[in-house]
Amino acid sequence: MKTPHLPARRRLISATLAAAVAMAALAGMPLAHGAPAAGQDWVATWGTAPADAPPKTPQAFADQTVRMIVRTSIGGSQVRVRLSNELGAAPLRIGAAHVALRAQDADIAAASNRALTFGGRPSVVIPPGAPVLSDPVDLAVPAQADLAVSLYLPGQAQATTVHGNAFQTSYVSGPGNFAGAAAFPTRGTITSWPFLTAVDVTAAGAGTIVALGDSITDGSNTTADSNRRWPDVLARRLLAERPDVRFGIVNRGIGGNRLLRDPGEWPPFGRAVLARFDRDVLATAGVRHVVLLVGINDIGHPGTGGMPASDGPTADDLIAGYRQVIARARAHGIAVHGATLTPFEGTTFAGYYTAQKDAVRQAVNRWIRESGEFDSVIDFDRALRDPAQPSRLLAKYDSGDHLHPNDAGMAAMAAAVPLELFSGAAAAPR
């Protein structure tokens, strides 16, 4: 069949699409949900790693609003959030969501308040096992600023997907939708981040560094509401010493986490790094680098509580796991920086330390330092150990349990990271 008018039809369709694009731009609508502005790139300015809720005492919300506080690492001109029901078994309904700059405590700067949409809609139902990205909104987000992300949860909602140890105070209202309220009617507080796993911004020529690990990365025993985790300190150091190197830093540490095996005896410890790598690294906007500090719980947990000592890995087992992380990261052009495991002799956790376990740690650290298989080595062990007793933390860096560094120890860890890893030719993986 002849179609003599097809070119004219094509011209008509093209003209119609151009007009629609122009109208959308004039109306302030996104041309494509999640697309950055021209010349900009999406990078993560904040993130956390979700884990399963405690099996007997999950947080529950009933027709309430949760206002969560997070600290940005890099600034940008647009913002979006990632919400997660990836560990939930039932649909999660978000009735409304807002993002704003925090003014003080639970209150926000009213002029910065932005309502979030999802595919153009003000609410969303997230299926079990799934995440969702909000549509981008224009908002000048400064580096090192506190953002408030507010979620209205109509009906009943259990925080089955949650980062349990935030070391940051967030706020919960009484009944009602207060997601857009400048003055938040606080009924209670929480120190967790339910459902929220990332905040992304647009920034030209920027990238993201993912800190992947366990409680030492998560910030256990650091001062609450002060952002003293080593990735936080590293973000401030980058901004102060190398403002030309533009990287957001995302903390994907989970207390109790392991490299090789899900700690099923305590679900809040999170899925093993090998199981959560795609979700917590590859799905991170703009990821270019991973700092990998994990393995001490693989070594220490077996033989404690109800965990059989026979679960303890050899150094070769851990090395095989590290090689998997390296291979999977490099397949996506991501550099992996191997961090040595820190000292833990004398820890107050019964059964966690033995001389045999420390021998495994030492063997792993030798391989990290000497194998040449990582893109670089960050020697946290050397930064924190007592020179007179190298299997122990230096007293001034010890939080008191002889395993987790205190605020000063976290600062020493951040200072041990060579900033040149993230600039120039060294920024590309081998």
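Visitor: What are the ground rules here?
Guide: The model is predicted: local features need pLDDT of at least 70, side-chain atom pairs count only at pLDDT 80 or more, and totals for chains, interfaces and linings use all residues. Residues are numbered from 1 along each chain as its sequence is written, and side-chain values use heavy atoms, with hydrogens and water left out.

Visitor: Where is glutamine 144?
Guide: In the loop between strand 11 (137–141) and strand 12 (146–158). Strands (E, at least two residues) and helices (H or I, at least four) are DSSP runs, numbered from the N terminus.

Visitor: Why does glutamine 144 count as partly exposed?
Guide: Because its relative accessibility is 22%. Buried means under 20% relative accessible area, exposed over 50%, partly exposed in between (1.4 Å probe, protein chains only).

Visitor: What does glutamine 144 touch?
Guide: Leaving out residues up to four places away in sequence, glutamine 144 touches Arg71, Thr72, Ser73, Ala235, Arg236 and Leu239. Contact means heavy atoms within 4.5 Å.

Visitor: New topic. Which residues of helix 9 are buried?
Guide: In helix 9 (residues 407–415), Asp407, Gly409, Met410, Ala412, Met413 and Ala414.

Visitor: And what covers them?
Guide: The cover includes helix 2, helix 3 (230–241), strand 20 (287–293) and helix 8 (380–384).

Visitor: Which residue caps the N-terminal end of helix 9?
Guide: Asparagine 406. One of its side-chain oxygens lies 3.1 Å from the backbone nitrogen of alanine 408. For a polar contact, N or O atoms pair within 3.5 Å; within protein, one must be able to donate a hydrogen and the other to accept it, and residues adjacent in sequence count only if both atoms are side-chain atoms.
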